[in-house]
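Open the model in your viewer and keep the selection tool ready. This tour moves from one stop to the next.

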Amino acid sequence: METRVAVMSIIVENIQSVETLNNILHEYRDFIIGRMGIPYHHKKINIISIALDAPQDEISALSGRIGNLEGVSVKTAFSK
């Protein structure tokens, strides 16, 4: 199956969603190239960037699951 490289940007405003988010990311660990998390204490948010190499359907499914979490925003940029 053909894969695409993508970068997913996640902003977590609800700390209660972090455990569920981490569990979801763990399920997709085989597709994750790298992950960077930055706590931004001044605004009381967490900023996470995920680099992925996966089939587009898997990336979209992951983005949808993350986007359904309360207080979590996600945007994805794909390679061409």
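## A tour by selection

Start with Ser63. Leaving aside its neighbours within four places in sequence, Ser63 is in contact with Met8, Val74 and Thr76. Contact means heavy atoms within 4.5 Å.

Before going on, note what you are viewing. This is a predicted model, in which local features need pLDDT of at least 70 and side-chain atom pairs count only at pLDDT 80 or more, while totals for chains, interfaces and linings use all residues. Residues are numbered from 1 along each chain as its sequence is written, and side-chain values use heavy atoms, with hydrogens and water left out.

Stay on Ser63. It lies in helix α2. Is Ser63 buried or exposed? Ser63 counts as buried because its relative accessibility is 17%. Buried means under 20% relative accessible area, exposed over 50%, and partly exposed in between (1.4 Å probe, protein chains only).

Next, zoom out and colour by secondary structure. The chain has two helices and four strands. Helices (H or I, at least four residues) and strands (E, at least two) are DSSP runs, numbered from the N terminus. From that end, the elements run β-α-β-β-α-β. The C-alpha atoms fill a box of roughly 40 × 20 × 15 Å along the principal axes. Of the 80 residues in the chain, 29% are buried.

Now select Met8, Ile10, Leu21, Ile50, Leu62 and Ile66. These have the most contacts inside the largest nonpolar core, which has 18 residues. At least two residues of this core come from each of β1 (4-12), α1 (18-27), β3 (45-54), α2 (56-67) and β4 (72-78). A nonpolar core is a set of buried Ala, Val, Leu, Ile, Met, Phe, Trp, Tyr and Cys residues joined through side-chain atoms within 4.5 Å.

Keep Ile66 and show what surrounds it. Beyond its neighbours within four places in sequence, Ile66 is in contact with Met8, Ile10, Leu21, Ile24, Leu25, Val72 and Val74.

Last stop: Met36. Find it in strand β2 (residues 32-40). How does Met36 count at 45% relative accessibility? Met36 counts as partly exposed. Which residues is Met36 in contact with, leaving aside neighbours within four places in sequence? They are Ile47, Ile48 and Ser49. Finally, draw a C-alpha to C-alpha distance from Met36 to Gln56: the two are 21 Å apart in space and 20 residues apart in sequence.
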